[in-house]
Amino acid sequence: MLEKRIANKIKKIRKRKGYTLEQLGRLTDLSKGLLSRIENCQVSPPIATLSKISHGLEVPIGIFFDTEETTGEEGYAVTLKGDRKQVNRRGTTAELNYYSLSGLKSDNLIEPFIVKYPVTNKKPTKLYDHPGEEFFLVLQGKVDFIYGKKTIRLETGDSIHFDPSTPHRGQNAGETESECLVIIIDGGKE
């Protein structure tokens, strides 16, 4: 189960770096309790939370999705459609399906994902923020993109490039599942 592997990797990296949960909490602005629940696989963190944890641990976010020790020594990594690594986030409003699109494990600045939004009538109650830059492209369907206090309707082919330190979230706005390409650009790396 990918969620369990992610939880184990966070704990392993944290311990290898000699951080307590409290110290990692200060580095990430996440509570010690939330970090503990993540490490014990009681909570499945969204990408924004994983981004904060990766910054705190000073590792690329993609390391949490790696199942092999691929270093990208060849300079590239191919991810076939059927081999995408999936991580599910059980949220308060809907279940979002994230698929990692990169197999490179080196210190990359770009982390691409496919995110699938199911049909829902619930309004999102939680927004997410993290450092860096983010690009969001609707591949299929309609999405209401909440950015701060604004809601922006995006349809197939529409995109938004934004500062993810402003609380944000996508929400399906159609009658069929929506699929989006999300690229996180890590602003914490030099």
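Modeller: Rings of Phe, Tyr and Trp (its six-membered ring) pair if their centres lie within 6.5 Å; planes under 30 degrees apart count as stacked, over 60 as edge-to-face and the rest as tilted. Ring pairs join Y117, F136, F145, Y147 and F162 into a cluster. This is a predicted model, in which local features need pLDDT of at least 70 and side-chain atom pairs count only at pLDDT 80 or more, while totals for chains, interfaces and linings use all residues. Residues are numbered from 1 along each chain as its sequence is written, and side-chain values use heavy atoms, with hydrogens and water left out.

Biologist: How many aromatic pairs does the structure hold?
Modeller: There are 4 aromatic pairs. In one of them, the ring centres of F136 and F145 are 4.9 Å apart and the planes stand at 55°, so this pair is tilted.

Biologist: Are F136 and F145 buried or exposed?
Modeller: Both F136 and F145 are buried. Buried means under 20% relative accessible area, exposed over 50%, and partly exposed in between (1.4 Å probe, protein chains only).

Biologist: What is the secondary structure of the protein?
Modeller: The protein has 4 helices and 9 strands. Helices (H or I, at least four residues) and strands (E, at least two) are DSSP runs, numbered from the N terminus.

Biologist: Which residues of helix α2 are buried?
Modeller: In α2, residues 21-28, the buried ones are L21, L24, G25 and T28. They span an arc of only 105° around the axis, which places them on the same side of α2; the arc is that of the directions from the helix axis to the C-beta atoms.

Biologist: And how do α2 and helix α4 cross?
Modeller: The axes of α2 and α4 (residues 47-57) come within 8 Å and cross at roughly 110°. Axes are lines fitted to C-alpha atoms, for helices over the stretch in contact, and angles run from 0 to 180 degrees between N-to-C directions. That makes α2 roughly perpendicular to α4; angles under 35 degrees count as roughly parallel, over 145 as roughly antiparallel, 65 to 115 as roughly perpendicular and the rest as oblique.

Biologist: Which residues make the contact?
Modeller: L24, L27 and T28 of α2 meet K52, I53, G56 and L57 of α4. Contact means heavy atoms within 4.5 Å.

Biologist: What about T49?
Modeller: T49 lies in α4 and, at 10% relative accessibility, counts as buried.
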